[in-house]
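Hi there,

Here is the structure I promised to pass on to you. Have a look at it first, and then read on for what turned up.

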Amino acid sequence: VQGALALLAMILTSRIGITGQVRTAAGRESPLTTLTQGLRYVAGAQALREQVLIQVVPVLFLYPYVQFLAFFAVHLHGGPQTYGVLATGAGYGGIIALVILTTMGEIRRKGLVLLASVCVYPVSVACFALSPNLPVAMVFLVINGFCNQIYMTMQSTLFLLSAREDMRGR
């Protein structure tokens, strides 16, 4: 299974066209300087500032459910195997999302896709937490992984598209 997933990952990432050269002056500047410049730039750019604020919500309020998967496994009357099954749920959703994203090509309304995934994600986490049995929990975990991957991909893409080329990576 791992070999098949690795092959799938290689095929999907090979579809991503990487063009251009990476230009950097970071070799001449200290990491603290580049970090400070990056933070100042984000603070001064409204679109980037809003994207960073959007990032904070899932990190603080949604991702912690992963640390409680063992609790949910016991709650669903399972043990280590149930925990293992639960731990794979979000991964399956993420793989599905990446397959869809790589086959779609250019997405015109990235902000709308980001907003939809940010809105569905907390609802699916709440539904997972209230799931009465393992199959229902797995459905919501797959949705969690799907929404999380869409959100992360769109957020990273929009952030990089919004930033000046010389500030990327800072």
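Of the 170 residues in the protein chain, 26% count as buried. Please keep in mind that this is a predicted model.

On the overall fold, the protein chain has seven helices and zero strands. How far apart in sequence are the residues that touch? Among contacts between residues at least 6 apart in sequence, 75% join residues at least 24 apart.

Now for one pair of helices. Two packed helices are described by the angle between their axes and the distance between the axes. Helix H3 covers residues 46-61 and helix H7 covers residues 134-162; they pack at an angle of about 160°, and their axes are 10 Å apart. Because of that angle, H3 is roughly antiparallel to H7. The crossing in which H3 passes H7 is left-handed.

Which residues make this contact? From H3 they are Leu48, Gln51, Val52, Ile54, Gln55 and Pro58, and from H7 they are Tyr151, Gln155, Leu158, Phe159 and Ser162. Sorted by type, the residues of the contact of H3 with H7 are seven nonpolar, four polar and no charged.

Finally, the aromatic rings. The count comes to three aromatic pairs. One aromatic cluster is formed by Tyr65, Phe71, Phe72 and Phe128.

Happy exploring!

Methods: Residues are numbered from 1 along each chain as its sequence is written. This is a predicted model: local features need pLDDT of at least 70, side-chain atom pairs count only at pLDDT 80 or more; totals for chains, interfaces and linings use all residues. Side-chain values use heavy atoms; hydrogens and water are left out. Axes are lines fitted to C-alpha atoms, for helices over the stretch in contact, and angles run from 0 to 180 degrees between N-to-C directions. Helices (H or I, at least four residues) and strands (E, at least two) are DSSP runs, numbered from the N terminus. Angles under 35 degrees count as roughly parallel, over 145 as roughly antiparallel, 65 to 115 as roughly perpendicular and the rest as oblique. A crossing is left-handed if the near helix is turned anticlockwise from the far one by less than a right angle, and right-handed if clockwise. Contact means heavy atoms within 4.5 Å. Ala, Val, Leu, Ile, Met, Phe, Trp, Tyr, Cys and Pro count as nonpolar, Asp, Glu, Lys and Arg as charged, and the others, Gly among them, as polar. Rings of Phe, Tyr and Trp (its six-membered ring) pair if their centres lie within 6.5 Å; planes under 30 degrees apart count as stacked, over 60 as edge-to-face and the rest as tilted. Buried means under 20% relative accessible area, exposed over 50%, partly exposed in between (1.4 Å probe, protein chains only).
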